[in-house]
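Dear colleague,

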Amino acid sequence: MYGPSTLDISRFHVAGINYKKTDAAVRGQYAISPEVYSLILADSSSYGIDELFVLSTCNRTEIYAVASDVSQLIHLLCAHTQGDIETFRSRAYIKNGLGAIEHLFDVSAGLDSQILGDYEIIGQIKQAVKFSKEHSRIGAFTERLVNSILQSSKTIKNQTELSGGTVSVSFSAVQYIRQHVKDLEKKSILLSGIGKIGRNTCRNLVDYLPVNNITLINRTDEKAGHLAKELGLKSAPYAQLHEEVKKADIIIVATNAQTPTILAKDLAGCGEKVLIDLSIPYNIETEAAKLPGVMLVNVDELSKLKDKTLRKRKAEVPKAKKIIAEHIADFLEWHEMRKHVPVLKAVKIKLQEIHRNPDQERIQKVINGMAVKMRLHNQRGCHYIEAINEFMAPGVN
């Protein structure tokens with residue numbers, strides 16, 4: 001790992017694509033599953049990358065890393081996904097140094113989300129970083145930076161209304177159903193996939209729709225059964241997915257398979273159905289939309305649902321930006337101080353060598369004073385000499 005005392009902040013990069021320049025089909029080509037993420041982390045050293053994590057959600061795939069050149073990130077990502085380098089570069093945003101840091105702060109606050117103020121993104125960042133740390137790919141720089149963005153996001157959450165109201169993708173799915181389906185109390189709903197988005201969607205269905213006939217399905221049957229029992233719903237084995245698809249009036253898919261789990265042929269001749277695909281890449285075959293009586297909506301379309309909540313959130317953006325600026329300043333001050341660590345250590349060792357039985361408390365007091373002066377005045381050599389003289393001066397406490 002690259003040492004914290006030698007890391008040039010310009011070596012921190014981000015390369016990514018999101019909903020602004022790509023549709024869900026293109027984003028799906030660069031989506032990262034846990035298995036692929038493991039391969040990327042394992043292969044990163046061979047690409048000359050020191051620290052990294054990958055954020056892959058329904059709206060974006062971004063790779064953050066400490067490396068000499070951003071092309072190392074792009075080649076690594078494209079080597080393990082279905083998309084090619086040329087397409088990625090044509091749609092990507094690429095930033096380094098302070099620009100990359102500012103971008104991560106904006107993303108973590110929900111300022112760059114398709115739904116402004118989406119607070120779910122911070123949990124996704126934490127999971128991505130945790131996974132990378134478990135594979136020893138997070139160093140001192142990235143860990144401190146992530147801690148800073150978590151603190152910033154928490155402050156924004158507590159001190160602004162940027163995430164006020166309810167306009168998440170999972171809730172937008174509920175809004176869509178309410179607006180497009182009549183006689184809801186007579187309808188049956190099938191929810192396939194109970195990861196984080198699936199669980200949130202499930203709870204919104206229970207809280208906001210007058211529907212009692214809800215069936216849960218998941219690749220791990222036990223998870224579906226546990227959540228169904230908790231919420232008073234039904235569950236079905238994953239092996240019965242196609243049978244349940246035929247019976248349901250409304251089908252919501254929140255899985256993360258690399259290929260569609262529900263095909264057009266599974267729905268042919270099954271009558272009117274509302275299909276909601278919350279997956280990236282799509283997990284409901286798009287050809288299903290051509291079937292008579294079938295209405296299909298995906299995450300991009302759901303994210304366009306706007307209401308007065310979003311207008312209120314926009315008014316909170318300047319407050320959020322101010323909080324972010326303060327946290328970035330704190331992080332940059334920490335990073336600047338890391339450059340002084342070798343000098344401070346050298347001085348401490350020298351002071352300990354001056355006496356056989358050194359006064360550790362007195363030494364630390366001198367080091368602390370030196371650190372403050374170095375932060376205010378970047379003159380390492382002068383402060384080194386001054387610290388030695390201060391320690392040697394008679395009567396100094």
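The axes of helix α8 (residues 169-180) and helix α9 (residues 196-208) come within 8 Å of each other and cross at roughly 40°, so α8 is oblique to α9. Ser170, Phe171, Val174, Ile177 and Arg178 of α8 are in contact (heavy atoms within 4.5 Å) with Ile197, Asn200, Thr201, Asn204, Leu205 and Tyr208 of α9. By class, 6 nonpolar, 4 polar and 1 charged residues make up this contact.

This is a predicted model, in which local features need pLDDT of at least 70 and side-chain atom pairs count only at pLDDT 80 or more, whereas totals for chains, interfaces and linings use all residues. Residues are numbered from 1 along each chain as its sequence is written, and side-chain values use heavy atoms, with hydrogens and water left out.

The count comes to 11 salt bridges, each defined as a side-chain nitrogen of Lys or Arg within 4 Å of a carboxyl oxygen of Asp or Glu. One of them joins arginine 27 and aspartate 300 at 2.6 Å, N to O. This pair links helix α1 (residues 24-29) to helix α13 (residues 299-302), its members being 273 residues apart.

Yours sincerely

Note on methods
Axes fitted to C-alpha atoms, helices over the stretch in contact; angles between N-to-C directions. Helix = DSSP H or I, 4+ residues; strand = E, 2+ residues; numbered from the N terminus. Parallel < 35°, antiparallel > 145°, perpendicular 65-115°, else oblique. Nonpolar A, V, L, I, M, F, W, Y, C, P; charged D, E, K, R; others polar.
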